[in-house]
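Trainee: I am new to this structure. Can you take me through it step by step?

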Amino acid sequence: MTFLTTVALRRAAVLGLAAVTLAACNNKRVSRVDPSSVTDLSGRWNDVDSKLVANALIDQSVGGQWNGQYASAHGGTPPTVIVGSFRNRTLEHVPIGTFVKDLERAYVNSGRVRLVASRDERSEVRDERDDQQTNASAETRARIGKESGANYMLQGDVQAIEDAEGREKIVFYQIDAFLVDLESNQKVWIGQHKIKKYIDRRRIGW
Amino acid sequence: MTTPMKASVLLCAAVLLAACNGPRRVRERPIMTNGDRTPSQDRIIARAAAEGFSDNAMLTQSRDSVYAKAVATCRGTICASVVKGEISLGMTLAQAMAATRTAPAAWTVRESGAATVMVPRVLGNSPRDATGEVVMVQFDDERVNAVSYRETQGIRVVSSAADTTTDGRANAMADALIREGDQFNAAGDRARALDRYDRALAMKRADAMLEYKVATMLDLQLRPVEAQIRYQRFLQSLEIEQIRARGDANAQLADAIARAQQRLIILERQAPAPPAVPPREPTAVTPPPPDSLQRD
């Protein structure tokens with residue numbers, strides 16, 4: 001084996017090693033997974049918690065007695081609900097909108113509850129309606145003063161209790177939702193869901 | 001230290017260490033782990049929709065049959081009231097239900113001889129007509145002879161044609177406010193009593209006794225100027241000579257007049273007369289100085 005051949009082989013080996021090292025650096029992998037799959041990484045509030053809360057509240061609310069009682073007292077007309085404030089009283093970032101929107105979808109799609117736009121949503125609609133009074137033709141113009149008044153307001157909150165020792169941690173979430181009669185302030189329905197998580201951060205594990 | 005002693009000391013140390021209040025491992029079986037699936041919302045919604053559809057279909061059918069019966073038997077103003085959604089005197093049971101857009105499921109009906117009483121089945125979820133929340137409908141010989149509404153000031157009963165008018169309703173509300181004011185007055189809460197009398201006065205302008213009550217409340221609250229005006233308005237609103245001629249029949253009002261006159265004399269002596277409102281004169285509209293515009 002000549003000296004030149006030895007040098008060429010060495011160079012090839014170094015280049016190959018560099019290529020393998022570079023390929024190993026690119027460790028990002030993205031894949032689509034089933035949205036209903038349970039995937040817990042950090043132990044903080046995640047999509048699974050949101051879905052579990054939504055499922056529980058939908059089941060309790062849509063299947064509750066309150067809407068049946070209202071409908072029977074009003075000749076089959078379903079009650080009208082407006083979404084009010086839903087507060088996050090935890091120290092974590094909990095996106096409330098995900099499960100509240102799930103609940104709204106269930107109300108409308110089940111046909112058992114009517115939903116009106118919330119305070120934030122309706123201001124844009126009112127602006128558009130005002131604009132139509134000037135710019136839209138008479139036959140296509142949305143009329144003023146025909147909004148539906150809500151019978152009940154949906155309110156609620158999320159609270160959390162944490163307990164930690166060493167590498168172990170327990171987080172308990174309690175989600176309360178309730179519907180308040182807008183005239184009498186009576187709470188006609190109260191829904192609740194509780195989640196308890198055990199987080200164990202092992203130093204060695206598989 | 002002998003060997004048995006050493007052994008006992010070590011044993012004690014071991015027991016103490018074991019008894020140490022260290023962290024406890026949680027040994028609960030997980031109910032959901034990575035890789036599991038959350039249940040589908042669509043299934044829950046579909047089930048609720050199916051149940052709701054059958055319930056609503058039954059209620060709507062029942063309501064429609066009541067409505068058809070009501071409209072088939074109505075005449076003139078009763079028909080108009082059914083369409084407007086207003087219970088009126090002389091309606092039948094079906095017409096009263098049609099006027100509130102309800103089905104029999106919304107009511108509990110009790111009969112006793114010729115009298116029938118219809119009350120909401122679920123309290124706090126009472127049916128409504130165009131006027132308000134209905135709490136009781138009474139029938140005599142199968143015709144409505146009284147309707148009770150739950151209003152802010154209490155229950156209002158409509159049992160005559162006069163009660164059904166706007167004036168009748170305003171009078172009933174004013175009476176309820178006066179009753180409430182009297183209760184506050186008796187309890188010593190004069191500010192609230194005055195508030196109720198004032199509100200009642202907005203609906204019952206021609207009530208001289210109410211004006212007198214307002215004047216008295218103002219007087220008791222040591223507001224002499226306003227009290228003086230109210231006493232004067234009270235006296236002006238009466239035809240004093242006529243009342244005097246009626247004698248004892250209006251003894252209460254005559255007493256109020258005498259008291260008002262006495263108080264007026266005292267108040268006029270204590271304080272100067274309330275300032276007369278100067279006649280309005282046309283004033284020239286002058287534009288604001290340019291400085292004030294620039295400041296904004």
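Predicted model: local features only at pLDDT ≥ 70, side-chain atom pairs only at ≥ 80, totals over all residues.

Mentor: Residues are numbered from 1 along each chain as its sequence is written, chains are lettered from A and ligands numbered from 1 in the order in which they are written, and side-chain values use heavy atoms, leaving out hydrogens and water.

Trainee: How many disulfides does a search of the whole structure find over all chains?

Mentor: A disulfide is a pair of cysteine sulfur atoms within 2.5 Å. B:Cys74 and B:Cys79 are joined in this way, with 1.8 Å from S to S. Over all chains, the search finds a count of 1.

Trainee: Which hand does the link of B:Cys74 and B:Cys79 have?

Mentor: Look at the angle about the S-S bond. It is 45° for B:Cys74 and B:Cys79. The link is right-handed.

Trainee: Is B:Cys74 buried or exposed?

Mentor: Buried means under 20% relative accessible area, exposed over 50%, and partly exposed in between (1.4 Å probe, protein chains only). B:Cys74 has 6%, so the label for B:Cys74 is buried.

Trainee: How many salt bridges are there over all chains?

Mentor: Side chains of opposite charge can pair when their charged atoms come close. A salt bridge is a side-chain nitrogen of Lys or Arg within 4 Å of a carboxyl oxygen of Asp or Glu. A search of the whole structure gives 30.

Trainee: How many residues apart in sequence are the parts that A:Arg89 and A:Asp157 tie together?

Mentor: The two side chains meet in a salt bridge, 3.1 Å from N to O. A:Arg89 lies in the loop between strand E1 (80-88) and helix H4 (97-110) of chain A, while A:Asp157 is in strand E3 (residues 152-165) of chain A, so the pair ties together parts whose separation in residues is 68. Helices (H or I, at least four residues) and strands (E, at least two) are DSSP runs, numbered from the N terminus. To return to the value asked for, it is 68.

Trainee: Which helix of chain B holds B:Lys213?

Mentor: B:Lys213 meets B:Asp182 in a salt bridge at 3.1 Å, N to O. The pair links distant parts of the chain, 31 residues apart. B:Asp182 is in helix H5 (residues 166-186) of chain B, and B:Lys213 is in helix H7 (residues 208-220).

Trainee: Is B:Glu211 buried or exposed?

Mentor: B:Glu211 and B:Arg233 form a salt bridge with their side chains, 3.8 Å from N to O. B:Arg233 is partly exposed, with a relative accessible area of 34%. B:Glu211 has 5%, so B:Glu211 is buried.

Trainee: What accessible area do B:Tyr67, B:Val71 and B:Val83 have together?

Mentor: These three form a nonpolar patch on the surface. B:Tyr67 is found in helix H2 (residues 41-73) of chain B. Accessible areas come from the Shrake-Rupley method with a 1.4 Å probe, and for residues only the protein chains shown count as cover. Together the three have about 240 Å².

Trainee: How far apart in space are A:Val158 and A:His193, C-alpha to C-alpha?

Mentor: A:Val158 is found in strand E3 of chain A. It is buried, with a relative accessible area of 0%. A:Val158 and A:His193 are 35 residues apart in sequence, and their distance in space is 9.6 Å.

Trainee: What is phi of A:Asn185?

Mentor: A:Asn185 sits in the loop between strand E4 (168-181) and strand E5 (187-200) of chain A. A:Asn185 is exposed, with a relative accessible area of 60%. Its phi is positive in a residue other than glycine, near 65°.

How values were computed. Patch = residues over 30% accessible without salt bridge, like charges linked within 9 Å, V, L, I, M, F, W, Y side chains within 5 Å.
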